[in-house]
Amino acid sequence: MTSLVARYVVFALCVAITLLTLPFVGMVHWLWIVTLVAGFLSIVGVYDLLQTHHAVRRNYPVIGNIRYLVEEIRPEIRQYLLEGDDDKLPYSRAQRSLVYQRAKDVVSEKPFGTLLDVYGDGYEFIGHSTRPALHVDPASFRIDIGGPQCRQPYSASVFNISAMSFGALSGNAIRALNKGAKAGGFAHDTGEGSISPYHREFGGDLIWEIGSGYFGCRTRDGHFDPDKFAAQAASPQVKMIEIKLSQGAKPGHGGILPKGKVSMEIALTRGVEEGTECISPSRHSAFDTPVEMMRFIAQLRDLSGGKPVGFKLCLGHSWEFMGIVKAMLETGILPDFIVIDGAEGGTGAAPVEFTDHIGVPMREGLLFVHNALVGVGLRDQIKVGASGKVVSAFDIASTLAIGADWINAARAFMFAVGCIQSQSCHTNRCPTGVATQDHLRQRALVVEDKATRVFNYHRNTMKALAEILASAGLEHPDQLGPHHLARRISTTEIKLFSQIHYFAKPRELLDGASTSELYRASWDMARTDSFDPIRL
């Protein structure tokens, strides 16, 4: 009986207050407020008792709603009141603050020493030189992308904006990113949603990503259209073409943009019908085998007038990538670049199982691809990029040190345009106007201001990278190697990355001299006429 009273006491009080105050509302000028609040809560209580979806609300009318209210604001309470500086959810407060400070062009130095446990397992650092470099110019941090089969190579920054589509991001966010990229002289990957008017407005360099939906270059039934591709690729703003095989957020998984979200703008940009489901299949229809994939790369390079063409993937089955490498040797067709996306995830919403348990993390994927290309003597002809939870100059340096030629970042640049990690990207209710198609919400994102922040973040991060290189006695990022990067592997032992990881010797796979069981087995299982393995 006591439990029953406790459960209903608030509801009963609301009803009683409503009934008792209602006759006197006209006599006391403020009493109507009490009556209105109590009456509203009484109606809520009646609804709670009658509804059938939530047992807590049926058993605890009125007060049961507190549970759902607290649950709704739990992420914000944790992020702003309970989260530690280094709790990565998925980015820590320290990481976000670093981007915000550099984007706003304010001092990001910290006094009183590091907050990291330098004696904890996994602590990483770059050794410094007793003779630091005297002058390192971040403006020189560029690489030429374009192999021997490319007629229009591109000089790229070592730090660029990773793939984020219009549709996933708002028009204002795309405009701010591209204007910032134009001012800073770095590239902006379109994502698989094709090239929108917002990408074109300020003329920033574009990497046109083509996914399995062939948006912007598709037939009515969703297959690749060479004529539409050639027309888009001819734009001087398009510097490189990137075939997306898979992405870190959900490798091996397709996607559907619900018809309710396919506005006229998105339909025109992607080449689909307004108000219909926009489907990204889980696999490409333009090729079925590694050899066919190489021929598709050659076709795109020819149709684009010889611009750099490459592909992006989150590494999965090792023999499949080895099959692609064998197809390069068999056909003589080489991609100009390969971008490794990490299973650390990305801006795309994905099933939890894919986010947590599918795909190879970025560093391991990068090492595998780098070693495979070295092992067949092709590494010097193909540039390799990497993308996966990169925020700071040290993140960039450590990734370059283990095999990357350049780095892409997505979520860091989202922070630069105002993202607060509310993790509501898939709801169309982004509170900062970054990841929404709600015109009223995205109006809050002021393009001029955020474009400056994108530019500042890139510039200040490149400046910090220059300082890291100078301290190590280096003058350009391409001088970084695994022997510059160290990791604590126990309380009493530190090893260089060159000691921790396997690094292939040139042509060892062709010569049968690899000492790695993984690489030997993957090579032996690979085939060029199918992505299926040879059973050993």
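**Exercise 1. Strand pairing around β2**

Task: Strand β2 (residues 142–145) and strand β3 (residues 154–157) are joined by four bridges; state in which sense the two strands run, and describe the two faces of β2.

Solution. 
Step 1. Strands (E, at least two residues) and helices (H or I, at least four) are DSSP runs, numbered from the N terminus. Two strands pair if DSSP finds at least two bridges between them. The model is predicted: local features need pLDDT of at least 70, side-chain atom pairs count only at pLDDT 80 or more, and totals for chains, interfaces and linings use all residues. Residues are numbered from 1 along each chain as its sequence is written, and side-chain values use heavy atoms, with hydrogens and water left out.
Step 2. β2 and β3 run antiparallel.
Step 3. Sort the side chains of β2. Buried means under 20% relative accessible area, exposed over 50%, and partly exposed in between (1.4 Å probe, protein chains only). Ile143 and Ile145 point to one face and are buried.

**Exercise 2. The neighbours of β13**

Task: Which strands pair with β13, and in which sense?

Solution. 
Step 1. Strand β4 (residues 159–161) is joined to β13 by three bridges, and these strands run parallel. Here Ile161 has Ala409 as its bridge partner.
Step 2. β12 also pairs with β13 in the parallel sense, over three bridges. In this pair Ser387 stands opposite Asn408.
Step 3. Look at the faces of β13. Trp406 and Asn408 lie on one side, Ile407 and Ala409 on the other, and all are buried. Both faces of β13 are therefore covered.

**Exercise 3. Asp405 and its contacts**

Task: Where does Asp405 sit, and which side chain makes a polar contact with the side chain of Asp405?

Solution. 
Step 1. Asp405 belongs to the loop between α14 (393–401) and β13 (406–409).
Step 2. A polar contact is a pair of N or O atoms within 3.5 Å; within protein, one must be able to donate a hydrogen and the other to accept it, and residues adjacent in sequence count only if both atoms are side-chain atoms. The side chain of Asp405 makes such a contact with the side chain of Arg379, at 2.9 Å.
Step 3. Contact in general means heavy atoms within 4.5 Å. Setting aside neighbours within four places in sequence, the contacts of Asp405 include Ile143, Val158 and Leu400.

**Exercise 4. Positive phi angles**

Solution. 
Step 1. Phi of Lys389 is near 55°, and that of Gln421 is about 60°. Neither residue is a glycine.
Step 2. Lys389 is in the loop between β12 (383–387) and α14. At 25% relative accessibility it counts as partly exposed.
Step 3. Gln421 is in the loop between α15 (411–416) and α16 (439–442). Its relative accessible area is 6%, so Gln421 is buried.

**Exercise 5. The nonpolar core**

Task: Which residues have the most contacts inside the largest nonpolar core?

Solution. 
Step 1. A nonpolar core is a set of buried Ala, Val, Leu, Ile, Met, Phe, Trp, Tyr and Cys residues joined through side-chain atoms within 4.5 Å.
Step 2. The largest such core has 125 residues, and those with the most contacts inside it are Phe311, Phe321, Met328 and Ile338. Helix α17 (residues 447–471) gives the largest share, nine residues.
Step 3. Beyond its neighbours within four places in sequence, Phe311 is in contact with residues including Phe321, Met328 and Ile338.
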